[in-house]
Amino acid sequence: MDFGDKVKLLRKKHDLSQENLAAILKINRNCLSRIETGKSEPSLSIIRDIAEFFNVDVASLMDIQKEKLDTKDKIKKIVDGCQYLMDNDLDFLVRIISVMREEYVKHSEEE
């Protein structure tokens, strides 16, 4: 099941129309429709808002754990995916990576 199908399933499970969910997410109903049909890729902020609203984690929503890539391929996938992101989404990713790195360094120093 792809991302759009999952969003549609969650929306229907919560008995929401596209208009209702679009209003909650502060996006256009047509935008939500294109996401659900796979005609459009959502921004990271929309993905984050959908996951937060439905109380699901982004990884399961995006099926991230299904891919088995080595480190080099993971980094390439991240870099390739970032070239189309908006600045606020890139800022969010930078903050996540910074926090993760700080935690890793902190944990490594404790051992």
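Colleague: In what order do the elements of the chain run from the N terminus on?
Modeller: They run α-α-α-α-α-α-α. That comes to seven helices and zero strands. Helices (H or I, at least four residues) and strands (E, at least two) are DSSP runs, numbered from the N terminus.

Colleague: What kind of model is this?
Modeller: It is a predicted model, where local features need pLDDT of at least 70, side-chain atom pairs count only at pLDDT 80 or more, and totals for chains, interfaces and linings use all residues. Residues are numbered from 1 along each chain as its sequence is written, and side-chain values use heavy atoms, with hydrogens and water left out.

Colleague: What box do the C-alpha atoms fill?
Modeller: Roughly 50 × 25 × 25 Å, along the principal axes.

Colleague: How much of the chain is buried?
Modeller: Buried residues are 26% of the 111 residues. Buried means under 20% relative accessible area, exposed over 50%, partly exposed in between (1.4 Å probe, protein chains only).

Colleague: Switching to charge. Which residues gather in the negative patch on the surface?
Modeller: Glu-102, Glu-103, Glu-109 and Glu-110. Patch residues have over 30% relative accessible area and no salt bridge, with like charges joined within 9 Å. A salt bridge is a side-chain nitrogen of Lys or Arg within 4 Å of a carboxyl oxygen of Asp or Glu.

Colleague: Where is Glu-110 found?
Modeller: In helix α7, residues 87-110.

Colleague: Is Glu-110 buried or exposed?
Modeller: Exposed, because its relative accessible area is 61%.

Notes: Patches are made of residues with over 30% relative accessible area and no salt bridge: like charges are joined within 9 Å, nonpolar side chains (Val, Leu, Ile, Met, Phe, Trp, Tyr) within 5 Å. Accessible areas come from the Shrake-Rupley method with a 1.4 Å probe; for residues, only the protein chains shown count as cover. Lys and Arg count as positive and Asp and Glu as negative; His and the chain ends are not counted. The place of a charge is taken as NZ of Lys, CZ of Arg, CG of Asp or CD of Glu.
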